[in-house]
Amino acid sequence: MPELPEVEVVRRGLASHAAGRTIDKVTVLHPRPVRTHPVGPEAFAVELTCRRIDDVRRRGKFMWLTLGDDALVVHLGMSGQFRINRPGDELPRNTRVLFDLDDGFQLRFVDQRMFGGLDLRAGVADDPVPHIALDPFDPAFDVRGVAARLRTRRTGVKRALLDQSLISGIGNIYADEALWRARIHYDLPTTDLGPRKAVELLDASRTVMDEALRQGGTSFDSLYVNVNGESGYFSRGLEAYGREGEPCRRCGTAIVRRSFMNRSSYLCPRCQRAPKGRP
DNA sequence: ATCGTAGCCTGGTAGC
DNA sequence: TGCTACCAGGCTACGA
């Protein structure tokens with residue numbers, strides 16, 4: 001599932017293959033990924049034709065292609081991909097939108113589950129996602145400030161980590177990894193987290209996502225690949241996520257899986273002790 | 001204002 | 001074998 005490191009890998013691929021190119025033609029094969037466009041898929045295609053892609057930017061899990069003052073906002077959702085191919089190459093099964101570029105290549109948006117989307121927004125190239133907080137890779141990210149805000153929340157720490165209006169880019173996988181590294185239980189009340197520990201957790205989230213980025217991201221299956229169709233290798237670096245029954249690499253205790261927020265949380269029950277009165 | 005959750009989606013797999 | 005149920009989970013909208 002694409003989280004910050006995976007999205008950044010894709011952003012870099014787009015920056016090197018699509019930035020500076022002009023869009024000659026757009027083909028919408030499925031309307032769902034452009035569902036937010038007010039006038040429909042045909043208008044979406046027309047409005048993007050002949051536009052030049054100036055830059056590819058990212059905040060958290062959102063990317064946007066800048067087209068002059070306008071932004072094509074992209075979210076990969078659960079399974080979105082961008083692929084660079086020749087127009088005649090075989091189309092992947094869940095190809096949704098085609099962009100023919102002026103250098104003879106074709107940019108393809110592929111998305112099996114279609115939680116992702118493409119959203120063209122006028123005049124907001126500098127900040128098309130104002131409701132999304134800065135991510136830990138942003139030079140302006142203020143660790144102490146975010147830690148302070150985190151501690152004023154009245155909720156569990158993992159829920160807060162996943163709140164993209166507090167800190168962006170973290171999804172279920174890297175949340176579990178950061179919590180494992182900081183030895184914190186996912187349901188610890190944020191108010192029980194000391195200032196030093198909160199900073200440690202945020203630092204851990206940045207560190208683990210940085211390491212994942214260096215490995216090309218985390219791929220469990222063909223749902224996450226880069227623009228050339230290649231997988232990342234960080235799944236071997238995961239310490240908690242997906243390791244149910246396997247030994248914690250710190251203490252040897254078996255990693256357990258818990259249901260939380262309608263998803264799975266993986267943790268070491270010894271390193272990450274449950275808060276009092278909770279499972 | 002803040003917190004918690006239903007619903008959106010498809011395909012692989014477990015179970016019968 | 002073929003069917004159903006479940007799981008993966010980020011985000012938005014909405015109710016409490």
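So, which residues in α3 meet which residues in α6? Before I get there, a quick word on the model. It's predicted, so to speak of local features we need pLDDT of at least 70, side-chain atom pairs count only at pLDDT 80 or more, and totals for chains, interfaces and linings use all residues. Residues are numbered from 1 along each chain as its sequence is written, while chains are lettered from A and ligands numbered from 1 in the order in which they are written.

Okay, the answer. Val143, Arg144, Val146, Ala147, Leu150 and Arg151 in α3 meet Pro195, Ala198, Val199, Leu202 and Asp203 in α6; contact here has C-beta atoms, placed from the backbone, within 7 Å. Helices are DSSP runs (H or I, at least four residues), numbered from the N terminus. That α3–α6 contact divides into 8 nonpolar, no polar and 3 charged residues. For the classes, Ala, Val, Leu, Ile, Met, Phe, Trp, Tyr, Cys and Pro are nonpolar, Asp, Glu, Lys and Arg charged, and the others, Gly among them, polar.

Next pair: α1, residues 4-17, and α6, residues 195-214. Their axes come within 8 Å and cross at roughly 40°; axes are lines fitted to C-alpha atoms over the stretch in contact, with angles from 0 to 180 degrees between N-to-C directions. Here Leu4, Pro5, Glu8 and Val9 in α1 meet Met209, Ala212 and Leu213 in α6. By class, that's 6 nonpolar, no polar and 1 charged.

Terms used:
Helices (H or I, at least four residues) and strands (E, at least two) are DSSP runs, numbered from the N terminus. Two residues are in contact if their C-beta atoms, placed from the backbone, lie within 7 Å.
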